[in-house]
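I opened this model to look up a few things about its packing. My notes follow in the order I took them.

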Amino acid sequence: MMASERSVLIPSPTTPSNQDLNTAPVLLDLAKSKSGRSESFSKMEIDGKRLSLGPSNIVLRGCQLKNTEWAFGVAVYAGRDTKAMLNNSGAPSKRSRLEIHMNFEIIILSIFLIALCLVVSICALVWLLRHREELDYIPYYRKADFSEGKEDDYNYYGPGMETFFTFLMSVIVFQIMIPISLYISMELIRVGQAYFMIRDTQMYDEASNSRFQCRALNINEDLGQVKYVFSDKTGTLTENKMEFQCASIWGVDYSAGNSQIDQVEYCVKVEGKVLRPTMKVKTDPVLLQLSRSGSGTKEGKHVHDFLLALAACNTIVPLVVDTSDPTVKMIDYQGESPDEQALVYAAAAYGFMLTERTSGHIVIDIQGERQRFNVLGLHEFDSDRKRMSVILGCPDKIVRVFVKGADTSMFSVVDKSLNMKVIRATEAHLHAYSSVGLRTLVVGMRELSASEFDLWHSSFEAASTALIGRSALLRKVASSVENNLCILGASGIEDKLQQGVPEAIESLRTAGIKVWVLTGDKQETAISIGYSSKLLTSKMTQIIINSSSKESCRRSLEDAIVMCKKLVAVAGVANNIGGSSQAGSTPVALIIDGTSLVYILDSELEEQLFQLASNCSVVLCCRVAPLQKAGIVALVKNRTTDMTLAVGDGANDVSMIQMADVGVGISGQEGRQAVMASDFAMGQFKFLVPLILVHGHWNYQRMGYMILYNFYRNSVLVFVLFWYVLFTSFTLTTAINEWSSVLYSIIYTSLPTIVVGILDKDLSRRTLLQYPQLYGAGQRQECYNRRLFWLTMFDSLWQSAAIFFIPFFAYRQSTIDISSIGDLWILGVVTLVNIHLAMDVFRWTWITHAVIWGSIIATFVCVIIIDVIPSLVGYWAIFHVAKRGTFWLCLLAIIMAGLIPRLVVKFLHQYYKPSDIQIAREAEKFGSLSEFGATEIEMNPIPDPPQR
């Protein structure tokens, strides 16, 4: 089978012989695969027997078959027909925000280059017109040719064409103004940055033995400008390792004795061997006693049915694992859902152990008695019904349907005429479980009569073999039996927070990052997790929107916006009276459910929701679908220029991850779909703090400076060439050797830029983690903005004037040739730009010293080599000019004149208007950071960006 193929396994109640397989007529009716469909349905006939084929029969690449003696299959949807190929529209193209701004500056430089060339061309035209009478005999320009005995013209095409050719030549001479090498340098720097992020031991997850992954190299610097973090809850903030905690059975809460709960290990003996579950579960003593007492009493009957539902209503496959003791075997329950695994382990702990599953039956050991249940039908969980059901033929010859699902879907199909007291008690227990952060499921049951079963069976057979609309038909069939249920009870499962999540969220919020949590859990569960993760605090004012209509949503949003404005007005009055901003402000938390978002998203209410959410410190969305998660991210992304980051661990988070500017996948318990769709992947949520606050800050600071430095170093050389053109009748001849011009961006100045872009650190990791407010420098765009761009260009203009005019006036009355002064100019440019870079290096290493000073030395060596080649222009020029002291004095004067103004401006700015980064660097350098530990440092505010 090819790597991209899928195989369909054909179910059969009996094991066929080889002769049967070889001679049985087979008819396969295969549905055409479409890219927009999430599932494909087919049917097959073997020897006259019709079998339905659906997603549960498809074995995807990488799957392993276990407990399977034989399999009859056919390869389907191979090659280009695979769902992966048809649905593969390619990952969305993400570009760095810094690179987008840089491209705009490059457009400005292109316009400036054209303007520069136009100025030179116009000046050349004026010069030609003013000297048109002298052009025949003027030195170096003589156009009259007398070599043939008669007067003729050299290649002179008149003022118009000469001006046009001058424009083209000026484009060639000044084209270095457009930093083409900048893109190559950026990619090399990003590779180096990714290497150090991957090798960071503080982002290594020992539990899963996984390192940080950098899956997209073009947005490293975006990590330093994040303003919004959108996070999933289950598996992202929590461990996604479910533990059964408590149960409500027939209106009785079996969680009151938490202090007496112990872990119990249940075992059974099968064929002389002891079987034990691989996981121990906390059990309630009262419930444990009732489960052992049998179903003779009324309470015992309810407990029996509830635990039987937990053990049977699932798709778990028990796997028997060998141990060091040959008489002891372990049962490992494998399933798609961690919730199902937790429930089956809980049932086993109470004496209802699932020991065997086939396509037609299951075997459950109930308090030492093995009982076989025929699986007559299974309706799998789907997002529309939000429940699953199994139809069992029980040993007492009664057909029962067991159903479990979310409370919102289960209470709508309950027979409320049976016992309303039990229903109300169960609802109260569900609320209590959710309030302490537990995940809840409701369990129900009903008996089916023979006529009901026959009607269901015929409908199920027809629906399961339908090629068109199979999902809708199966949902309709399921609804026919999933009604008039008797509520058995509810379960409470704990999904513990990952280690370090509360501290990580607190650090992110201190850094000025807004954290939004988007989850499919109940509202009470989400709120409880919000408090335990420090996302919500007791000081916050909660605005809860649970609406069931568009008009109700509109009123709720309007009321909430009015409340926010009142709180802001009260905070403003408190600040004016004299209180601090911290004391006067009242943080607001918005809590909204998925039903309300159905009416808000993609409607005119979106703007009101954004206006409300942007004024809230925390937004918590409950019961949201995957597409709603992406809609929430788009709500912010399309209306602000803020950087958004989404983090999730499952397939339901893929759309959100791809919608955000930066997508982070957690390699957890729910597969690798989120990781495969992400830009960065890691093992735990807490690694987001060093990723954003440390590496993000470093990457943004380095890349911002590197882009400005590349603009500066290229502009300096171009302006030097421009000054020379002004004194050579605009003929575009150059004093600098062509080889030096080529090597300028390759050898003379390239390596220092790349090394500093990879290794430089303005602040240590300890300082950045201790003071998350320092991350605001990236949100305020302090390292790269339009003002810095124009300051860099003016600095380039001044330094180029110093480089050109100091040697010009020093050698104006001398007889030095143009190649010699050209060597002085190129050496002055390279020395000045490298020392300029050295002045801005924050943290020196031996590599930094080697590349900066080595580049200056390499330039001298290359100039000498070029000048000793007789065939090149400027033979021996460097030796003529360097043997006099004037040469070295000019170099020194160039450095001093070029850098002193920069040093003065830098000193005044840092002394009178220091930034947060500069203050922290001084404190770090002089060891005074510890003095700030007991005091609160007020950082510069982060202004709200303009809305789109």
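**Around helix α23**

I began with what covers the buried residues of α23, and the cover includes α5 (180-198), α22, α24 (750-759), α28 (818-840) and α29 (846-867). I kept in mind that this is a predicted model. Next I listed the buried residues of α23 (residues 738-748): they are S740, L743, Y744, S745 and Y748. Then I checked the start of α23. There, a side-chain oxygen of N737 comes to within 2.7 Å of the backbone nitrogen of W739.

**Nonpolar cores**

I looked up the largest nonpolar core and found 84 residues in it. Y744 and Y748 are among those with the most contacts inside this core, along with F174, I707, F711 and I826. Which helix gives the most to this core? It is α22 (residues 688-726), with 18 residues.

Leaving aside residues up to four places away in sequence, F711 touches M102, E105, I106, L109, P179, L182, Y784 and F789. I also noted a second, separate core of 52 residues, which includes M242, A247, Y345 and M353.

**Helices α10 and α14**

Last, I checked how α10 (residues 420-435) meets α14 (residues 523-532). Their axes come within 7 Å and cross at roughly 25°. Angles under 35 degrees count as roughly parallel, so α10 is roughly parallel to α14. Which residues make the contact? From α10 I noted H431, S434 and S435, and from α14 E524, T525 and S528. I sorted the residues of this contact by type: 5 are polar, 1 is charged and none is nonpolar.

Notes:
Residues numbered from 1 in each chain as written. Predicted model: local features only at pLDDT ≥ 70, side-chain atom pairs only at ≥ 80, totals over all residues. Heavy atoms only, no water. Axes fitted to C-alpha atoms, helices over the stretch in contact; angles between N-to-C directions. Helix = DSSP H or I, 4+ residues; strand = E, 2+ residues; numbered from the N terminus. Parallel < 35°, antiparallel > 145°, perpendicular 65-115°, else oblique. Contact = heavy atoms within 4.5 Å. Nonpolar A, V, L, I, M, F, W, Y, C, P; charged D, E, K, R; others polar. Core = buried A, V, L, I, M, F, W, Y, C linked by side-chain atoms within 4.5 Å. Buried < 20%, exposed > 50% of the residue type's maximum accessible area, 1.4 Å probe, protein only. Polar contact = N/O pair within 3.5 Å; in protein donor to acceptor, adjacent residues only side chain to side chain.
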